[in-house]
Amino acid sequence: MNNYRYQKSFQFSNKAEDVSSVLSICMKHMQDSEELRVVPEDIQSRVKWALTELLINGAKHAGTTETLFHFKLREKFLIIEKEDFGNPLFLKVNGSQRLSWPVAAPFLNQHFDVYENGMDSLRIYTETSNSAFFLVEEIEDVEMPELLINTSEHFGLMIIAKASDHFTYSLDQQTGRNIFRITFNLA
Amino acid sequence: MILQVNQVQDITQATILPEEASLANADKFKEEMITLIVEGTKLIIVNFENVNYIDSSFLGSLVVALKYAMPRKTDIYLVALKPDVRNLLTLIRMDKVFKIYKNFDQAMDALNQ
């Protein structure tokens, strides 16, 4: 049994041209919903950034026209899940290595470098063959122009990982369902 | 057209026109920035005064433009960022990569120091 004190789901377009309108609907829902008014203003900005990047990521890579969003409150946490039945997650890690889901046994329980941006390194940890979580590690101080050389042009997953308090991916192999889950600590 | 450009000697003031700096206009922005760099300007001051919202695609285009600019001895400053935009750049620590100023005047003061 899930102990959510609030739970609501929405079906949205997963197309790039609809990112802006879907984001507006989500943020309006957060502002209008009595239950979600507990989300502080500074966290609302972080939610907006993370939602934007989840939508862009889905539009670019999922290969589906529709996606489901679930908004949940449990204890002091806001949980947002983005669900689709499109392409499983695929990442280029450690430079040029390919990491795809479900993850093969030799790649389980390991950290992989996804990319670096400035002074942060985005990493992913493969918990099981069907689940992983993202984390950000600080890099020692680097100054310009070396800092720019080390900076990737990709920011989406980094923004989600830094804006949220926990960011996971899971794949249900039987149904083909992908779930990106972001959690915000409201305390 | 994404940028409204005003050239003062070898300094280019480039104002982003859309309110949303996003996936929808990131490629066009990148093309226009690269054109300005190729034209040989010394400094591009990118004015964000109209921008309420920025996403990863547009940030990526900014980084590409700076990577293209630096070997060509062109610098890029960012000015008039609204708090939400500034906070996102700070979150991902792009405030360490780009020189950010309150407005054109402050950017020019920094250049002349």
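Biologist: A helix crossing is left-handed if the near helix is turned anticlockwise from the far one by less than a right angle, and right-handed if clockwise. Which crossing here is left-handed?

Modeller: That of H2(A) and H4(A). Bear in mind that this is a predicted model, where local features need pLDDT of at least 70, side-chain atom pairs count only at pLDDT 80 or more, and totals for chains, interfaces and linings use all residues. Residues are numbered from 1 along each chain as its sequence is written, while chains are lettered from A and ligands numbered from 1 in the order in which they are written.

Biologist: OK. How many helices and strands does chain A have?

Modeller: Four helices and 10 strands. Helices are DSSP runs of H or I, at least four residues, and strands are runs of E, at least two, numbered from the N terminus.

Biologist: What's the pattern along the sequence?

Modeller: Chain A reads β-α-α-β-β-β-β-β-β-β-α-α-β-β.

Biologist: Back to that crossing. What angle do H2(A) and H4(A) make?

Modeller: About 150°, and their axes lie 9 Å apart. Axes are lines fitted to C-alpha atoms, for helices over the stretch in contact, and angles run from 0 to 180 degrees between N-to-C directions. H4(A) covers residues 156-163.

Biologist: Which residues meet there?

Modeller: From H2(A), they include A:Arg46, A:Trp49, A:Ala50 and A:Glu53. H4(A) brings A:Gly156, A:Ile159, A:Ile160 and A:Ala163. Contact means C-beta atoms, placed from the backbone, within 7 Å.

Biologist: What does A:Ala50 touch?

Modeller: A:Ile159, A:Ile160, A:Ala163, A:Ser164 and A:Ile182. That leaves out residues up to four places away in sequence.

Biologist: And H1(A)? How does it cross H2(A)?

Modeller: H1(A) spans residues 19-32. Its axis and that of H2(A) come within 10 Å and cross at roughly 145°.

Biologist: Left-handed or right-handed?

Modeller: The crossing of H1(A) and H2(A) is right-handed. H1(A) uses A:Val19, A:Val22, A:Leu23, A:Cys26, A:Met27 and A:Met30. Among their partners in H2(A) are A:Gln44, A:Val47, A:Leu51 and A:Leu55.

Biologist: New topic. What box does chain A fill?

Modeller: Its C-alpha atoms take up roughly 45 × 40 × 35 Å along the principal axes.

Biologist: What share of chain A is buried?

Modeller: 33% of the 187 residues. Buried means 20 or more other C-beta atoms within 10 Å of the residue's own; exposed means 12 or fewer, and partly exposed is in between.

Key: Two residues are in contact if their C-beta atoms, placed from the backbone, lie within 7 Å.
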